[in-house]
Amino acid sequence: MSDRPDQSKQPTDLLTARAGQRPSGFFEQPGVRKFVRNRPAVGALTVIAVFLLLALLISMPGVNLVPLERATERVGPDAVPGFFVRASDEKRAAFAAFWVRELDKSLRASDPEQAIAALAFAERRIAPLELGALRDRLAEAQAMLDGLDEAMGDAEDARFDLEDLAEELAGEDEPSDALREQERELREELAGMQRVVRERLVALEDAIESLYPTPRGREGFAYRVRLLAGTDGQGRSLLLRAVYSIKVAVQIGVVTALLSVFVGTLLGAAAGYIGGPVDHAVVWLYSTISSIPYIVWLVVVAFVVREINWTVPILDKQLNQTLFPVYAAFVMNFWVGPCRVIRGEALKIRGLDYVQAATAVGCGRCRVLLRHVLPNTTYLVFINFSLLFVGAIKGEVILSFLGLGVQGQPSWGIMIRDSQPEVVVGFFWQLGIATAFMFVLVLAFNIVSDALQDAFDPKHVAGEA
Amino acid sequence: MWSYVVRRVLYNVPIFLVIVLILMALLRINDPVAARLGKVASAEAIAAERERMGLNRPFLRQYAEFLWDFARMDFSERSWDQAQTVGQVVFPSVVPSLSITVPALALSACVSIVIGLIAAANRGKFIDRALMLGAVLGMCVSYLVYIILGQKFGAFWLSERLGTRVFAVQGYEDWTTWSQPLNAVRTWAHYCLLPVLISVVVTMGYDTRFYRAVIVEQATSDYVRTARAKGCGERRVMFKHLLRNAMIPIITRIMITLPFVVVGSLLLEIFFGIPGMGRTLYNSIINRDFPVTQAVVALLAAIFIASNILTDVLYAVVDPRVRLS
């Protein structure tokens, strides 16, 4: 308690004496001090700050850290694994086939000169060669691709034969030496074929490297960053999409949480403090809204608002191309939570001495509400803000899965939705990266709201929102 | 007791009426007929359809008639999307919905209470910390991720490993054949157990933390100390004293979880192709099948409010003090 204001000085009058006993600055309040001592909570707050900063950098017109075009352009073949993990031979062959196909397409275009000039995947461009030379290289690469396919087909056949033989061997009690010999030969043959496949694959990849040289220096670094988390089913950079989605998530979270907390706090405090018919009306309103599952409101409201044929003036976009339907659906549901909690708190505060004293001194209702009741619910406002932020981020995933959420830009929800067919065939990168980003942000908010609860309301039962 | 039940029912009737009013108004903000028939439809065609649907009557009259039909459970309007009446579309979807929601709710409550008990009994030890950390981390992952991974590993991967299909990837079959109970259970498990398990895993993160906190709070209270002091066995204290007193928050919690389970079952129904009410609602909205949307939403609200009344009554059974308030 040594950092409390020095009380040894003799107070000149009663007023300053009381001010001296009250913890003055923001950081000296007991709750704030308890929160600051909580290391994980401070770390989580830093993480949130980083996310907010990133969102700001992405959306600020001057900086434009990750422009929308960057998040939606093709940077390479489909479903490239992240962190430069080596893909299976089949996938590598498919990647090679992609590069060859793209070159082929451009050379067949009505104006090959122009098509070749435009043939670029972010920083990775076609080698600056004459059209004739490119045609020769393409023919070469196509021949190599055919050879590779053939070799892979042979290896596949040999593997099937070997499996059949192994079954035959397992079925017999005393396998004949001839059969064993046959199996050994087949095994060797298969190993040889696999070696051929490898060699041809490496040769083909070298040919492609000379056709599309990997950029070096700054550009090379940028390209490698793009491929860091792999690509999605349309060859778009997963890392950039996930980073861009920070902006979408923060936007949805901040707008819906702010609006809902504002509406909820105002109505809740008014209902709790004023009481009477106001209280009845507010309680009745929120029990009506929470009387049906919130997903029904979410789906119906999002759908109805999307269908309204109206062009938003400033953004100059159709309403269903903006995030307004999402905001509307969330705010409609989310204001109930803070309203309920803050009404309860206001009811409690109404009976406290200082409110009675303020009324006795002659403060009006509005002044008591704004100066005495609301400031004492601040911690609840913060807790509810972070709970609703998390709710909005999670709800966005559900709405996007249902096709009622974010439109025309990537978001974690859209990435998770798109990852479903990929997961079935065993490609987890898209699901993983979107979940990881979301996990970090949601975890940070959860830690912060738990710490706030611990610091300001220790008697609260955890998990009760 | 009965007067309490009647009071609860009477309190909820106006709520239901207003919900239906709001929903009917919401669904009429954009002309449903124009949305259904599209831009190519002529003005006459739209007007004729509105006339046929009775959408050009005064709104309050539509509202009253809808309520009257609803009270008699008479949905004889034709669906716009399917060659059936609304009743034929909506009613068959109730059982598939309940065959996910009810087991999910029951199972998740049981599992979470048990885990909460384990954590509370080992308060501060490693097992408690590990369980609670797991719960917090589990809460930070989207529901959809659980569903996608659950389908991948529960349906595809497991079948590949075992050589037989344990859980269906998608689909539903009517399992309510009471003549062969074993077969019924097997069919149910084939189609519904995987979604139910996913739902349980997701809700567990939220619930265990809460149950642990409730039990810890009760365990440090005076009556538990008294019970121990007079020589009750640990088991008797746990089940006879502690769990009974924790019943109120537990029931509250189950009530709070209910909407969450409904959200989950909507996602699960859509994902696993189970023709429940959530999927019917979603399909009717996407296909702009206005009569079905209206009926499903009203039916969902009715069921949900009925379950709210049921929980209120349960409260009163567990804690007689509630009846007086």
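The model is predicted. Chain A has 19 helices and four strands, and its radius of gyration of 32 Å is well over the 23 Å that the globule rule gives for 465 residues, so chain A is more spread out than a compact globule.

**Overall form of chain A**

- Taken along the principal axes, the box filled by the C-alpha atoms of chain A is roughly 105 × 65 × 50 Å.
- Of the 465 residues of chain A, 37% count as buried.
- Among the contacts in chain A with a separation of 6 or more, 74% are accounted for by residues 24 or more positions apart.

**Contact between chains A and B**

- Chain A brings 35 residues to the contact and chain B brings 40 residues, and on the side of chain A that touches chain B at least two residues each come from helix 11 (276–289), helix 12 (294–307), helix 17 (378–401), helix 18 (412–424) and helix 19.
- Helix 12 of chain A supplies the largest share of that side, with eight residues.
- Sorted by class, the side of chain A that touches chain B consists of 24 nonpolar, eight polar and three charged residues.

**The largest nonpolar core**

- The largest nonpolar core has 187 residues, of which A:V299, A:A302 and B:L144 touch the most other members.
- Helix 10 (residues 238–274) of chain A gives the most to this core, contributing 18 residues.
- B:L144, with its neighbours within four places in sequence left aside, is in contact with A:V397, A:I398, A:F401 and A:I416 from chain A, and with B:L267 from chain B.

**Helix 19 of chain A**

- Helix 19 (residues 429–456) of chain A has 28 residues, which at 1.5 Å a residue should span 40 Å, and this agrees with the 40 Å between its end C-alpha atoms.
- Because 20 of its 28 residues are buried, helix 19 of chain A is largely enclosed by the rest of the structure.

**A buried loop residue, A:A79**

- A:A79 lies in the loop between helix 4 (68–72) and helix 5 (89–108) of chain A, and it counts as buried because it has 21 C-beta neighbours inside 10 Å, where the cut-off for a buried residue is 20 or more.
- Not counting residues up to four places away in sequence, A:A79 touches A:T231, A:G233, A:E422 and A:F427.
- A:A79 and A:E422 are 343 residues apart along the chain, yet their C-alpha atoms are separated by 8.3 Å.

Technical notes
Residues are numbered from 1 along each chain as its sequence is written. Chains are lettered from A and ligands numbered from 1 in the order in which they are written. This is a predicted model: local features need pLDDT of at least 70, side-chain atom pairs count only at pLDDT 80 or more; totals for chains, interfaces and linings use all residues. A residue is buried if 20 or more other C-beta atoms lie within 10 Å of its own, exposed if 12 or fewer, and partly exposed in between; C-beta atoms are placed from the backbone. Two residues are in contact if their C-beta atoms, placed from the backbone, lie within 7 Å. A nonpolar core is a set of buried Ala, Val, Leu, Ile, Met, Phe, Trp, Tyr and Cys residues joined through C-beta atoms within 7 Å. The expected span of a helix is 1.5 Å times one less than its number of residues. The radius of gyration is taken over C-alpha atoms; the globule rule is 2.2 Å times the number of residues to the power 0.38. Ala, Val, Leu, Ile, Met, Phe, Trp, Tyr, Cys and Pro count as nonpolar, Asp, Glu, Lys and Arg as charged, and the others, Gly among them, as polar.
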